[in-house]
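Colleague: I would like to learn how to read a structural model feature by feature. Could you take me through it, giving the general idea and then the case at hand?

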Amino acid sequence: LMGFRIFLLPVVLLLQFSITGYAQETSWRNWLSANASYDINKDWRVSAGHLRSYEISNKYLNSFNQFRFGTSYDITKRIGISAGVQWMTLPSSPGTRTRVFLMGDHTTRIARKINWTNSLQVETNSSAEKRFRHRIVLGTRLSPRKRLDFLNLSPSVSYRLFYNIGGNPVSYYDPEGNLLARQSPDGFHRHRLQLNANSKISDLLRINLYFMMQREFNFLSSDTRKINIPNRTKTSTIRPFDNYNVIGLSLNLDINELIK
């Protein structure tokens with residue numbers, strides 16, 4: 001019971017933090033992905049996946065497609081490192097956005113029942129990504145140590161906070177319309193809360209159904225590093241907040257089971 005309470009409290013707090021304080025209308029999206037992984041040995045794994053995003057709030061239009069290739073290595077049972085590359089295409093925009101990332105994570109056990117994993121990710125993006133060039137992502141995740149008997153389920157909650165660096169410069173003006181600065185909006189501008197229900201159908205296949213909320217904001221940002229600000233004439237918003245909710249489904253295939 002104590003372990004369940006420890007698991008539930010952060011979920012409630014994060015939900016309250018993410019839902020309150022945002023009056024802006026949010027859109028709904030559907031993310032569908034298929035992933036495959038292969039264990040080279042007990043510590044080293046490679047994986048690949050494809051993700052497609054659809055706008056539920058806009059006639060179910062395809063908003064982006066993403067292919068990913070990555071590898072991970074368990075340094076110890078509780079410390080891991082991973083790296084990879086992602087390629088994203090948008091039907092509404094020419095060109096491919098390329099992202100390379102490196103992440104380290106550490107897992108702590110709580111009350112012998114809950115795994116608490118904290119991670120730090122750094123990434124760099126190609127020039128096709130106009131909003132930022134580099135990012136630092138702080139992540140935390142809570143999940144049960146063992147799967148539940150019901151549907152062989154492993155529920156989890158994760159939270160990520162994003163720090164943007166670089167990207168196309170933004171012009172900042174004072175109330176009288178005088179130019180204050182023209183520079184990239186560096187800072188904490190995004191977070192994501194995700195609730196997962198991962199079911200192990202068999203040793204070959206796992207299915208993950210999840211709900212994710214993305215919210216953007218200006219956190220600890222100076223007046224000349226913000227997003228969602230008016231232009232000089234105050235007739236439009238520069239780089240508006242991109243707030244949306246996601247209902248996602250991912251299929252995860254273990255290649256080792258196919259080639260036994």
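Colleague: How many aromatic pairs does a search of the whole structure find?

Modeller: Rings of Phe, Tyr and Trp (its six-membered ring) count as a pair if their centres lie within 6.5 Å, and planes under 30 degrees apart are called stacked, over 60 edge-to-face and the rest tilted. In this predicted model, where local features need pLDDT of at least 70 and side-chain atom pairs count only at pLDDT 80 or more, while totals for chains, interfaces and linings use all residues, the search gives eight aromatic pairs. Side-chain values use heavy atoms, with hydrogens and water left out, and residues are numbered from 1 along each chain as its sequence is written.

Colleague: Why is the pair of Trp 28 and Phe 211 tilted?

Modeller: The ring centres of Trp 28 and Phe 211 are 6.0 Å apart and their planes stand at 35 degrees, so the pair is tilted. It links distant parts of the chain, since Trp 28 belongs to strand S1 (residues 27-39) and Phe 211 to strand S12, 183 residues apart; strands here are DSSP runs of E, at least two residues long, and helices are runs of H or I of at least four, both numbered from the N terminus. For accessibility, buried means under 20% relative accessible area, exposed over 50% and partly exposed in between, with a 1.4 Å probe and protein chains only. Trp 28 is partly exposed at 34%, and Phe 211 is partly exposed at 21%.

Colleague: Which kind of aromatic pair do Phe 217 and Phe 219 form?

Modeller: Phe 217 and Phe 219 form an edge-to-face pair, with 6.5 Å from centre to centre and 90 degrees between the planes. Phe 217 is buried at 11% relative accessibility, whereas Phe 219 is partly exposed at 40%. Ring pairs also join these two residues with Tyr 163 and Phe 188 in a cluster.

Colleague: Over which ring does the charged end of Arg 29 sit?

Modeller: A charge is said to sit over a ring if NZ of Lys or CZ of Arg is within 6 Å of the ring centre and within 35 degrees of the ring normal. The charged end of Arg 29 sits over the ring of Tyr 244, 3.7 Å from its centre, and that of Arg 190 sits over the ring of Phe 162, 6.0 Å from its centre.

Colleague: In what sense do strands S9 and S10 pair?

Modeller: Two strands pair if DSSP finds at least two bridges between them. Strand S9 (residues 170-173) and strand S10 (residues 179-183) run in the antiparallel sense over four bridges, with Ser 171 opposite Arg 182 in S10. Five residues lie between the strands of this hairpin, where Gly 177 takes a positive phi near 90 degrees.

Colleague: Where does Leu 220 lie, and is this residue buried or exposed?

Modeller: Leu 220 lies in the loop between strand S12 (205-219) and strand S13 (229-230), and with a relative accessible area of 74% this residue is exposed. Its phi is near 55 degrees, a positive value in a residue other than glycine. Asn 228, in the loop between S12 and S13, likewise has a positive phi, of about 60 degrees, although it is not a glycine, and at 28% relative accessibility Asn 228 is partly exposed.
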